[in-house]
Protein chains: 2
Amino acid sequence: MQKLDELGILKRSFARSDYLYRSGDKFRALFAIHSGSFKTQILHEDGREQVTGFQMAGEIIGLDAISTDIHACEAVALESSVVCELPFNKLEALSREIPKLQRHLHKIMSREIVRDQGIMLLLGSMRAEERLAAFLLNLSQRFAARGMSATQFQLRMSRHEIGSYLGLKLETVSRAFSHFQNERLINVKVRTIEILDLAGLQACLNKSR
Amino acid sequence: MQKLDELGILKRSFARSDYLYRSGDKFRALFAIHSGSFKTQILHEDGREQVTGFQMAGEIIGLDAISTDIHACEAVALESSVVCELPFNKLEALSREIPKLQRHLHKIMSREIVRDQGIMLLLGSMRAEERLAAFLLNLSQRFAARGMSATQFQLRMSRHEIGSYLGLKLETVSRAFSHFQNERLINVKVRTIEILDLAGLQACLNKSR
DNA sequence: AAACTGGTTTGATATATGTCAAGAAGCATG
DNA sequence: CATGCTTCTTGACATATATCAAACCAGTTT
C-alpha cells in the first residue's frame, strides 16, 4: 500500500454538506476517506431518495461508478472531511503489477457487495427496532475499530438520514431511540449516544418475527 | 473473453433445488451461468432468510465470497442448469495480463454493487405493488436481452421466494399479482406471466408515496 | 380415479409503521 | 438576548402489510 504514493495522491477537503461527487458525474477516481465521514445516496426520478451508506475514515467510496464510468449515486460530507483521490486507471495499472494490490482491490469490492446484501437482509426482514439496533451495533463496531469508544459516540447524521438508510420514517426512528432509552439499553441526547447494554441490543436483533 | 478457454473451464450441471455452493463453503471459483437460473440467499442465524437475487444465463455468481474466501450466501438452482466454473486465482492471473479482462471483471463487480443498491432503494422506499412492478419489469428486460419475449414468460420461483426477495410475505405478493390482473396490466396463471401493459407497469413504479 | 402434496389464492382481522400536527429543544443569526 | 430555523420528540389517528385460516388448484403418487 505504500506504493500507492506513486499514484500522485491528491488530498481534498470538504465542509459539511459538500458533495464529493454527484449522480451523473464522470468517473475518474475512487476516494479513500482520510478523515471525517460521508453519506452516499441514490435519487429516484420522482424525488424519492435512499441513503445507501454512511462511510467513515479508512473506507473507500465510489465503487459503484466503475460499472458505467458514471457515478450512480452521490456522496455528501456529513462533517469536515478529507479524502484521498485514487485515479482509477492508475490503480488498475498498478494492480496489474502488484498481485497483492489486485487482490486487495477485489476484496474491497466484494466486501461492499457483502455489506449491501446485509442491508438487504435488514430492509427485507427486520422490524424497525431491530434495524436501529443493527445500525447502532454496526456504528459501535466501526468506531471501536478506529480506536474510539464503542459505547459513546456522536451521530453525524440526522434522524431523517438514518430513516432513509433504514427504510423508516424519521418519527419511527425517533420512537425507537426513545424506546431503547426507556428500556435502559442506551442513553440518547439527540445526537449523543451512549450504549448502556451492548448485549441487550444484540439480543434485540435476534428476536425475529 | 475467448482466452478464458485457457482457464480449463469446467462445466457442471445442476438439477432443480441443487446447491451450487453453500454459506460457509471455501471460495475457489466464480461461476458463469451457462443455462438455467439460480437464486442466492442469506440465512440469518434465527432462521430468517433473504433472497438476494435471481440469476439467469450469462450472469456471474459468487462475487460475495472474494472478500473473506468463504461464501457468504448460498446459491440454489431454480431449474436444470449448467454453470461454467471460473477458478478465481487463474482469473486474477489472466486479468493481470489482459487489461480488458481486468476492466471487465471490475465492471462486473461494480455492476453487482449498483444492482444491490437498486434493491436497497426498492426495499427501503417502495410499497408492495411498486416492488412487484419493478420486479416484473426487471425480469422482462432480462428475458428480452436474451432474445426471449419481454411480455410472456414463466416464473422460475415461488411466491414465497419472490416475497423473500421483495421483503414481502407471499400472500402480499399473490394479492399484488391479482390486483395487477384486475387492472388489466398483466395476465397471471400461477407461474405463467403475460404482461399486457408495459407502460402501465412502468407508470405504477413512478407513483411515489 | 382417488388421495395426497405443495404451492397459491382469498377473506377476516391484527399490528407495525406511516401520516399529520403540535410543541420542545438545539443552534445559528442579527 | 431575542429571533428565527431546523431538527427532534411525542401524540392521535390512518393505512399498508402481516397474520391466521380456509379453500383451491395442479401435479404426483397410490
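Helices, of at least four residues, and strands, of at least two, are DSSP runs numbered from the N terminus. By that numbering, α5(B) gives the most to the surface near DNA strand C, with six residues. The model is predicted.

**Surface near DNA strand C**
- DNA strand C is surrounded by 20 residues. The closest are A:Arg127 and A:Thr172 from chain A, with B:Ser158, B:Ser174 and B:Ser178 from chain B.
- At least two residues each come from α5 (170-182) of chain A and from α4 (159-166) and α5 (170-182) of chain B.
- By class, the residues of this surface are seven nonpolar, five polar and eight charged.

**Contact between chains A and B**
- Contacts link 38 residues of chain A with 38 residues of chain B.
- On the side of chain A that touches chain B, β5 (49-56), α1 (88-97) and α2 (99-125) of chain A each supply at least two residues.
- The largest share of that side, 19 residues, comes from α2(A).
- The residues of that side divide into 13 nonpolar, 14 polar and eleven charged.

**Sheet in chain B**
- An open, antiparallel sheet of four strands in chain B has the order β1-β8-β3-β6.
- β1 (10-14) and β6 (60-61) of chain B are the edge strands with a single partner each, so one side of each has no neighbour in the sheet.
- β3 (residues 29-35) of chain B is joined to β6(B) by two bridges, and the two run antiparallel. B:Phe31 stands opposite B:Ile61 in β6(B).
- Across β3 and β8 (81-87) of chain B lies helix α1 (residues 88-97) of chain B, at about 60° to β8(B).

How values were computed. Residues are numbered from 1 along each chain as its sequence is written. Chains are lettered from A and ligands numbered from 1 in the order in which they are written. This is a predicted model: local features need pLDDT of at least 70, side-chain atom pairs count only at pLDDT 80 or more; totals for chains, interfaces and linings use all residues. Two residues are in contact if their C-beta atoms, placed from the backbone, lie within 7 Å. Ala, Val, Leu, Ile, Met, Phe, Trp, Tyr, Cys and Pro count as nonpolar, Asp, Glu, Lys and Arg as charged, and the others, Gly among them, as polar. A residue is near a molecule or strand if its C-beta atom, placed from the backbone, lies within 6 Å of it. Two strands pair if DSSP finds at least two bridges between them. Axes are lines fitted to C-alpha atoms, for helices over the stretch in contact, and angles run from 0 to 180 degrees between N-to-C directions.
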